[in-house]
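Hi everyone, thanks for coming. Let me put the structure up on the screen, and then I'll walk you through it.

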Amino acid sequence: MKQRLYEKFAGLFSDATDAHFYFSPGRVNLIGEHTDYNGGHVFPCTLTLGTYGVARRRNDRLMHFYSCNLYNIGIVEASLDDLTNKDSYHWANYPLGVVWAFAQKGYKLKQGFDLVVWGNIPKGAGLSSSASLEVLTGVVLVDLFDIQTLSPVDLALLGQYSENNFNDCSCGIMDQFAVAMGKKDHAIFLDTSSLNYEYAPIQLKDAKIIITNSKVKHSLVSSAYNDRYRECAEALADLKTKLPISSLGDLTPEEFEKNKDCIRDDLHRKRAKHAVYENQRTITAAAVLKKGDITQFGQLMNQSHVSLRDDYEVSCEEIDILTDLAWKTPGVIGSRITGGGFGGCTVSLVKNEAVSAFIETIKDAYREKTGYEAEFYTVDIGDGASRLDD
Ligand code: GAF
């Protein structure tokens with residue numbers, strides 16, 4: 001990969017002298033969905049799938065972006081003197097948004113750069129290809145311009161800031177944090193209200209984590225995501241008239257039940273219920289995993305899916321078919337939708353001896369019911385984003 005990307009870079013930009021090689025992973029969330037913009041806990045881990053990049057500083061104020069995945073778009077050129085989101089920049093609005101975020105926070109670049117990327121995160125699968133690209137850009141910028149004051153957590157925050165304010169998605173911090181801070185063979189138990197985190201070893205002797213890609217992405221995803229964000233904010237505003245809280249993550253399920261009637265809108269109450277109970281499930285899930293109780297962990301995954309399906313309404317028919325099939329398959333410990341929703345992937349915990357049967361049974365049954373060819377990936381948990389050619 002490294003060699004091919006250097007060659008591509010040299011072909012596009014005359015040579016690859018002084019260019020460097022970087023990697024930024026995708027992530028899968030084990031549990032704690034739609035809690036991150038509600039001040040709750042999340043439990044993601046970093047994939048070995050991700051985005052590779054070769055980059056070099058320029059002597060002028062131009063930036064060139066080229067994606068080997070989207071080669072038909074060709075080189076996108078932008079200038080440091082016009083950091084605005086343009087449709088014509090296509091995918092490059094993500095790296096450009098990070099350059100913009102750096103400038104907004106006082107890290108104005110004096111020179112531009114060239115960046116060539118290639119990624120193997122399945123597109124639109126809810127495995128964080130955009131956060132991967134954002135954090136990759138952050139790592140490239142601090143390296144090329146020797147910005148020593150920014151930590152990996154700062155890069156995660158800058159990535160989220162760019163996505164919220166340059167690319168118009170009200171996402172929480174989970175994806176960028178996981179991508180920037182990932183650790184091989186560990187999940188990250190993150191409290192999104194304080195950014196306190198703990199690495200949790202994932203050494204499953206008898207089971208594997210399997211991602212199933214439904215190959216479906218319904219187009220309402222970003223507008224519905226922003227709707228959920230707003231619905232939770234409105235539920236919180238109602239609760240705040242009675243309680244001294246700053247996020248839904250501050251509430252236990254018991255406190256929620258006692259006070260939920262001050263949420264005036266039924267739909268907002270359902271959304272808040274998910275956020276509060278999912279946060280509690282995530283805290284419990286991290287604790288039971290520490291004790292090695294993966295059976296209970298799996299049950300919490302299943303409950304998480306039901307809540308995302310019924311109360312948060314971010315699942316869809318195809319994903320529910322996948323989880324229903326998984327729940328009926330022997331050897332499946334737990335299975336749920338992962339990521340933002342409305343398609344994408346499920347994540348399942350499957351006993352080692354049942355993995356082949358799980359894949360075969362679900363592939364055939366899912367094809368029969370939907371006409372789609374599901375894809376399966378066994379999760380290897382890797383490290384967070386970094387420069388690789390030291
Ligand atoms: C998307 C967002 F980017 C995350 O911040 C998170 O809210 C997730 O959906 C749902 O848990 O991946």
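This is a predicted model: local features need pLDDT of at least 70, side-chain atom pairs count only at pLDDT 80 or more; totals for chains, interfaces and linings use all residues.

Residues are numbered from 1 along each chain as its sequence is written.

So who is in that shell? The residues surrounding the ligand are Asn29, Glu33, His34, Asp36, Tyr37, Cys171, Gly172, Met174, Asp175, Gly339 and Gly340. Here, a residue is near a molecule if its C-beta atom, placed from the backbone, lies within 6 Å of it.

Okay, zooming out. The protein chain is assigned domain 1 (2-201) and domain 2 (207-378), with bounds that come from an automatic or database domain assignment. How far apart do the C-alpha centres of domain 1 and domain 2 lie? That's 26 Å. Domain 1 puts 25 residues into the contact and domain 2 puts in 38 residues, where two residues are in contact if their C-beta atoms, placed from the backbone, lie within 7 Å. On the side of domain 1 that touches domain 2, strand S1 (20-29) and strand S2 (41-42) each supply at least two residues. That side divides into twelve nonpolar, twelve polar and one charged. When I say helix or strand, I mean DSSP runs, numbered from the N terminus: helices are H or I, at least four residues, and strands are E, at least two.

Staying with strands: S4 (residues 62-67) and S5 (residues 76-79) run antiparallel, joined by four bridges, and Leu62 sits opposite Ser79 in S5. S4 is also joined to S6 (residues 113-119), in parallel, by five bridges. There, Ser67 has Val117 as its bridge partner. Strands count as paired if DSSP finds at least two bridges between them.

Next, an open sheet of four strands, with antiparallel pairing in the order S10-S11-S9-S12. At the edges are S10 (332-338) and S12 (375-378), each pairing on one side only. Neighbouring strands here are turned by 20° against each other on average, direction ignored. S10 and S11 (residues 343-351) share six antiparallel bridges, and Ile337 faces Thr346 in S11. Helix H9 (residues 294-310) packs on this sheet, touching S9 (207-217), S10 and S11, and its direction makes about 35° with that of S10. Helix H10 (residues 317-328) lies across S9, S10 and S11 too, at about 170° to S10. For those angles, axes are lines fitted to C-alpha atoms, for helices over the stretch in contact, and angles run from 0 to 180 degrees between N-to-C directions.

Last bit, from the records. In an unreviewed entry, UniProt places a "binding site" feature at Ser130 and Glu163. They span 34 residues in sequence, yet no two of their C-alpha atoms are more than 8.7 Å apart, so they gather at one spot. UniProt positions follow the numbering used here, feature names are shortened, and annotations may be inferred rather than shown by experiment. Ser130 itself is found in helix H3 (residues 129-144).

Notes:
Ala, Val, Leu, Ile, Met, Phe, Trp, Tyr, Cys and Pro count as nonpolar, Asp, Glu, Lys and Arg as charged, and the others, Gly among them, as polar.
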